[in-house]
Amino acid sequence: MISLLSAEEIFEGVYRVPDPRNPEKKLIATCNLTPGRTYYGEQVIKTREGEFRAWDPFRSKLSAAILNGIKFLPFRAGVVCLYLGASTGTTVSHISDIVGETGKIFAVEMASRVAREFVEKVAKYRKNVTSIIADARQPERYQSIYGTVSIVYCDIAQPDQTEIAIANCKRFFAGGSESILFLVVKASSIDALKNKRLVFEEQIRILKVGGFATLEKIDLEPYDRNHAMIVARAAH
Ligand SMILES: C[S@@+](CC[C@H](N)C(=O)[O-])C[C@H]1O[C@@H](n2cnc3c(N)ncnc32)[C@H](O)[C@@H]1O
């Protein structure tokens, strides 16, 4: 049966679709690059424009940032992204939908058991995803991707994650106009006793010293109370 539902594109590759269970409600979603296959129990919505996967803001901080009004989202077809902290691939799977067959995601994960699950559940079904089992503190281990990357996404919940993200950007950015860092900051991983706003401001200062201009800082409440998303552009 042909669906009567219709998807509205809000950023390239990111859509607002009606929830078939409650048409008053809208979900955000990506167009499934692998129709018929889902990755984390996400809802599938069939529309006139094709099959979409609902992007759960409680499971993915990038989805939460979009719902909370992020203004700049440079993921699009053909983009190459270095993703630090792939885990089992919830967010990677949606970015993979957006960058499409001409794009690429190099997904770094340090925990080998988690990385194996990521390969079994996600990477092996998506040709644009390459799994790298490595510590993001040792970018020399994946030096072969040098000079290809225009977006670094970092979600590793480490106390020194801002410094790790900067080191990866400096090593791998291709040097075009769009050298963008998405930094997911977990306040309690950096300083559990400090006010989280101060922790977020401190990361923006570290980025500035490292040569980055912060474009946006997005709070992720009510989806996530302990994280913020910082989007920053590298000065060349
Ligand atoms: C919060 S989870 C990431 C969730 C994922 N980004 C998502 O949205 O689906 C953090 C992940 O980073 C990984 N990690 C932590 N430190 C790391 C490091 N130094 N290098 C690579 N991965 C790391 C952890 O093993 C964990 O799987």
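# A tour from cavity to pockets

Start at helix H6 (residues 196–209), which supplies 3 residues to the lining of the largest cavity, the largest share. Helices here are DSSP runs of H or I, at least four residues, and strands are E runs of at least two, both numbered from the N terminus.

Before you click on: this is a predicted model, where local features need pLDDT of at least 70, side-chain atom pairs need 80 or more, and totals for chains, interfaces and linings use all residues. Residues are numbered from 1 along each chain as its sequence is written, and side-chain values use heavy atoms, leaving out hydrogens and water.

**Stop 1: the cavity**

Select Lys-196, Arg-197, Phe-200, Asp-219, Leu-220, Glu-221, Asp-224, Arg-225 and His-227, and you have the lining of the largest cavity. (On a 1 Å grid over protein atoms alone, a 1.4 Å probe fits in a cavity but can't get out; a pocket is open, with protein on both sides within 12 Å along at least five of seven lines; lining residues have an atom within 4 Å of a point.) How many cavities of 30 Å³ or more are there? The count is 1, and the largest cavity holds about 40 Å³. (Volume is the space filled by probe spheres on grid points joined across faces, edges and corners.) Colour its lining by class and you'll get 6 charged residues, 2 nonpolar and 1 polar. (Ala, Val, Leu, Ile, Met, Phe, Trp, Tyr, Cys and Pro are nonpolar; Asp, Glu, Lys and Arg are charged; the others, Gly among them, are polar.)

**Stop 2: the ligand**

You'll find 17 residues, with Tyr-83, Thr-91, Glu-109, Asp-135 and Gln-158 the closest. That shell holds 7 nonpolar, 5 polar and 5 charged residues.

Next, zoom in on side chains that reach nitrogen atoms of the ligand:

- Tyr-83 puts a polar side-chain atom 2.6 Å from a ligand nitrogen.
- Asp-135 has a polar side-chain atom 2.9 Å from a ligand nitrogen.

On its own, the ligand exposes 610 Å², and the protein buries 84% of that. (Areas are Shrake-Rupley, with a 1.4 Å probe; for residues, only the protein chains shown count as cover.)

**Stop 3**

Is helix H2 (residues 90–99) mostly covered or open? Mostly covered: 10 of its 10 residues are buried. (Buried is under 20% relative accessible area, exposed over 50%, partly exposed in between; 1.4 Å probe, protein chains only.) Thr-91, His-94 and Asp-97 are among those buried residues.

Step just past H2 to Gly-100, which takes a positive phi of about 70°. From there, look for Asn-128, whose side chain reaches the backbone oxygen of Gly-100 at 2.8 Å. (A polar contact is an N or O pair within 3.5 Å; within protein, one atom must be able to donate a hydrogen and the other to accept it, and sequence neighbours count only if both atoms are side-chain atoms.) Asn-128 sits in the loop between helix H3 (112–121) and strand S8 (129–133). With 3% relative accessibility, Asn-128 counts as buried.

**Stop 4: the pockets**

For the largest pocket, select Lys-61, Gly-85, Ala-86, Ser-87 and Asp-155, which lie nearest its centre among 17 lining residues. It holds about 290 Å³ of space, and its lining has 8 polar, 5 charged and 4 nonpolar residues.

Finish at the second largest pocket, with about 220 Å³. Its 15 lining residues include Leu-27, Ala-54, Trp-55, Asp-56 and Pro-57 nearest the centre. Strand S3 (residues 22–31) gives the largest share of this lining, 4 residues. By class, you'll see 8 nonpolar, 5 charged and 2 polar residues there.

Technical notes
A residue is near a molecule or strand if one of its heavy atoms lies within 4 Å of it.
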